[in-house]
Every structure is written in structure tokens, then in C-alpha cells.
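Here is a friendly briefing to read with the model open beside you. Take a moment to turn the structure around before you start on the notes.

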Amino acid sequence: MRNLLLPGCLSLLLATGTLPAQTRTGANDPMAELANLHQEVALLQQRVGELSLSLEQLTRDNAALQSKASESYVTLEQLNRTVAEINHTLQNGLAEQKRDILAQVGTQVEKLARQTQAAIDAVARNEAARPAIQTTFSENYPKEGISYTVQPGESLAVIAKKNNARMQDIINANKISDASKIRAGQTLFIPQGK
């Protein structure tokens with residue numbers, strides 16, 4: 001194959017001007033001309049060999065890249081399968097979480113139902129816990145004071161603070177058994193010491 005390339009390479013060298021000047025001008029010494037041609041042919045053979053090696057290396061590199069490319073890319077089918085698996089796992093997780101929450105809510109509802117039933121039974125037996133109602137009042141409070149009309153939204157604590165009086169003195173003076181039951185428009189005696 002190399003022998004077939006030689007005439008083409010020689011004409012290429014002549015056309016590009018890469019042969020030595022004496023070869024191109026047709027020097028008189030045929031031995032020198034032959035030696036030059038022999039040297040040029042040897043250089044051409046070396047260069048063709050280098051190019052052949054480079055071509056082989058490029059071919060190997062190309063094959064390696066193609067195999068890597070086919071390994072690193074996923075097909076649409078593989079992607080769809082993976083997405084379907086993730087969706088399936090997510091749906092299973094959500095269903096399990098829903099079952100757990102429903103079980104917890106069911107337990108709490110049962111507990112609340114038992115407590116409610118116990119409270120209803122206690123009311124039916126007249127055993128319901130009632131807040132303590134004050135039925136005895138002390139007479140140990142200042143006897144002088146002012147009348148005060150309860151305003152909307154006021155509590156005994158607010159009234160006591162507003163009038164610089166003690167809340168317990170107001171309770172005792174007015175015989176208030178449940179401090180939360182005062183109402184707007186009600187008139188109270190506010191004991192005030194001197």
C-alpha cells in the first residue's frame with residue numbers, strides 16, 4: 001500500500017514545493033537526486049506511519065466515547081419507570097401516614113367520648129364538680145366608700161384597681177358569691193379606707 005502512495009506523495013511534494021531545490025531543478029547528479037528522493041520517501045513513510053497511528057488512536061477514542069455515551073444516557077422508558085416507582089412509594093407512604101393519623105384521631109375521639117359519658121353520668125347522679133361558692137362574708141372591710149356602677153367589660157379586679165380598693169373588700173361589702181357574675185349597670189359599694 002505504501003508503494004502505491006509514493007507517486008502521489010512525490011507529485012504532492014513537487015506541487016507544494018517541499019522537495020529540496022536541487023531535486024526540483026533537476027540537478028545534474030542523479031545519485032544526489034536519488035539520495036534526496038530516497039530521504040524524502042523515508043520521511044513520507046514515517047509521516048504516513050504517524051498518521052496511521054493517530055487515526056487508530058482516534059478510532060479507539062471514538063469507540064470509547066460512544067460506549068460511555070450509551071451507558072450514561074437513560075432512555076425515556078427507564079425515566080418513566082423510575083418516576084412511576086417514586087410515585088408508587090410516595091402513595092404508599094401517604095396511605096400509611098393517613099392510616100396512622102386516623103388511628104390516632106379514633107383513639108382520641110374514643111377517649112373524649114368516655115370522658116363526656118362520665119361527665120354526663122356524674123351530672124345525672126348530681127355529682128358534677130361545682131365551683132366553690134363563697135357563702136360566708138367577713139365584716140372586716142372599711143365601712144366608708146362610694147357607689148360605683150359597673151361598666152361593660154369590667155371585672156372586679158379592674159374595678160378594684162380603678163378605685164384603689166381591695167377586691168376582697170368589695171366582695172365582702174356586696175356579698176358577691178361569684179365574682180364572675182357581675183354585670184354592666186350593676187351598682188356596687190366600693191369600701192375605701194381613709
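K175 sits in the loop between helix 6 and strand 2. Its phi is positive, near 50 degrees, although K175 is a residue other than glycine. Please keep in mind that this is a predicted model, with a chain of 194 residues.

- Look for N164 in the loop between helix 5 and helix 6.
- N164 counts as exposed, at 74% relative accessibility.

**The overall plan of the chain**

- How many helices and strands does the chain have? There are six helices and two strands.
- Reading from the N terminus, the order of the elements is α-α-α-α-β-α-α-β.
- Of the residues in the chain, 16% count as buried.
- The chain exposes about 15,300 Å², and carbon and sulfur atoms supply 58% of that area.
- Among the contacts with a separation of 6 or more, 62% link residues 24 or more positions apart.

**Helix 6 and its buried side**

- Which residues of helix 6 are buried? They are D169, I170, I171, N172 and A173.
- The cover over these buried residues includes helix 5 and strand 2.
- D169, which lies in helix 6, has a relative accessible area of 7%.
- Leaving out residues up to four places away in sequence, D169 touches N140, Y141, P142 and P191.
- D169 and Y141 are 28 residues apart along the chain, yet their C-alpha atoms are separated by 5.3 Å.
- As for pairs of aromatic rings, the structure holds zero.

**The largest nonpolar core**

- In soluble globular proteins, nonpolar side chains tend to be buried together.
- In this model the largest nonpolar core has twelve residues: Y148, V150, L156, I159, A160, A165, I170, I171, I176, I182, L188 and I190.
- Helix 5 (156-162), helix 6 (167-174) and strand 2 (187-191) are the elements that give two or more residues to this core.
- The largest share, three residues, comes from helix 5.
- Y148, one of the core residues, is in contact with E154, I159, K162, N163, Q186, T187, L188 and I190, leaving aside its neighbours within four places in sequence.

- Side chains of opposite charge can pair when their charged atoms come close.
- Is E154 buried or exposed? E154 counts as buried, at 13% relative accessibility, whereas K162 counts as exposed, at 51%.
- Both E154 and K162 are also among the contacts of Y148.
- E77 is exposed, with a relative accessible area of 56%, while R81 is partly exposed, at 43%.

**Why helix spacing matters for two of these bridges**

- An α-helix has 3.6 residues a turn, so residues three or four places apart point the same way.
- E50 and R47 are three residues apart in helix 3 (residues 30-72), so about one helical turn separates them.
- E77 and R81 are four residues apart in helix 4 (residues 76-124), which again means a separation of about one helical turn.

How values were computed:
Residues are numbered from 1 along each chain as its sequence is written. This is a predicted model: local features need pLDDT of at least 70, side-chain atom pairs count only at pLDDT 80 or more; totals for chains, interfaces and linings use all residues. Side-chain values use heavy atoms; hydrogens and water are left out. Rings of Phe, Tyr and Trp (its six-membered ring) pair if their centres lie within 6.5 Å; planes under 30 degrees apart count as stacked, over 60 as edge-to-face and the rest as tilted. Buried means under 20% relative accessible area, exposed over 50%, partly exposed in between (1.4 Å probe, protein chains only). A nonpolar core is a set of buried Ala, Val, Leu, Ile, Met, Phe, Trp, Tyr and Cys residues joined through side-chain atoms within 4.5 Å. Contact means heavy atoms within 4.5 Å. Accessible areas come from the Shrake-Rupley method with a 1.4 Å probe; for residues, only the protein chains shown count as cover.
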